[in-house]
Amino acid sequence: MATLHERKHYREAIMKALYETTEGNRLLGVTGAKLRDDLQVPEQDLAAACAYLVGEGLITVEWAEGNTPAMVTLTHHGIRLMEAEEEERG
């Protein structure tokens, strides 16, 4: 099981990857397999991070069997959060 630091890192990495890949477009998503492979996140940790982000209202997930994220998409709230972070960075 991942440590608290790792869990936070996975969540941030997922949000960043989604925002960059979809260019902040709610109509686009990323497969769970692509996130897992690109971010090198263990399957169970990816599912846990996605479930957390769903609970926060930042992403939506279409789940496959075994609680595996099939398709992951940013919500409006998630996009606004990422845009605010981008603006802070300049």
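Me: Contact here means heavy atoms within 4.5 Å. With that in hand, which residues in H1 meet H4?

Reply: Happy to start there, with the reminder that this is a predicted model. Helix H4 covers residues 76–89, and its side of the meeting is formed by Gly78, Ile79, Met82, Glu83 and Glu86. By class, the residues of this contact divide into four nonpolar, one polar and three charged. The H1 residues are Met15, Lys16 and Tyr19.

Me: How are H1 and H4 oriented to each other: roughly parallel or roughly perpendicular?

Reply: Two packed helices are described by the angle between their axes and the distance between the axes. For H1 and H4 the axes lie 10 Å apart and the angle is about 90°. Angles from 65 to 115 degrees count as roughly perpendicular. H1 and H4 are therefore roughly perpendicular.

Me: At what angle do H1 and H3 pack?

Reply: Helix H1 spans residues 4–22 and helix H3 spans residues 43–55, with their axes 9 Å apart. This pair is described as roughly perpendicular. The packing angle of H1 and H3 is about 75°.

Me: Which residues of H3 make the contact with H1?

Reply: From H1, the contact draws on Tyr10, Arg11, Ile14 and Met15. Sorted by class, the contact holds eight nonpolar, no polar and two charged residues. On the H3 side, the residues are Asp45, Leu46, Ala49, Cys50, Tyr52 and Leu53.

Me: What covers the buried residues of H3?

Reply: The buried residues in H3 are Asp45, Leu46, Ala47, Ala49, Cys50 and Leu53. Their cover includes both helices and strands: H1, helix H2 (32–39), strand S2 (59–64) and strand S3 (68–74).

Me: How far apart are the end C-alpha atoms of H3?

Reply: H3 has 13 residues, and at 1.5 Å a residue these should span 18 Å. The expected span takes 1.5 Å times one less than the number of residues. The model agrees with that expectation, as the end C-alpha atoms of H3 are 18 Å apart.

Me: Is Thr22 buried or exposed?

Reply: Thr22 lies in helix H1, and leaving aside its neighbours within four places in sequence, Thr22 touches Leu28, Gly29, Val30 and Leu74. Its relative accessible area is 3%. Since the cut-off for burial is under 20%, Thr22 is buried.

Me: Which residue's backbone oxygen lies 2.6 Å from a polar atom of the side chain of Thr22?

Reply: Thr22 belongs to H1. A polar atom of the Thr22 side chain lies 2.6 Å from a backbone oxygen, and that oxygen belongs to Leu18.

Note on methods
Residues are numbered from 1 along each chain as its sequence is written. This is a predicted model: local features need pLDDT of at least 70, side-chain atom pairs count only at pLDDT 80 or more; totals for chains, interfaces and linings use all residues. Side-chain values use heavy atoms; hydrogens and water are left out. Axes are lines fitted to C-alpha atoms, for helices over the stretch in contact, and angles run from 0 to 180 degrees between N-to-C directions. Helices (H or I, at least four residues) and strands (E, at least two) are DSSP runs, numbered from the N terminus. Angles under 35 degrees count as roughly parallel, over 145 as roughly antiparallel, 65 to 115 as roughly perpendicular and the rest as oblique. Ala, Val, Leu, Ile, Met, Phe, Trp, Tyr, Cys and Pro count as nonpolar, Asp, Glu, Lys and Arg as charged, and the others, Gly among them, as polar. Buried means under 20% relative accessible area, exposed over 50%, partly exposed in between (1.4 Å probe, protein chains only). A polar contact is a pair of N or O atoms within 3.5 Å; within protein, one must be able to donate a hydrogen and the other to accept it, and residues adjacent in sequence count only if both atoms are side-chain atoms.
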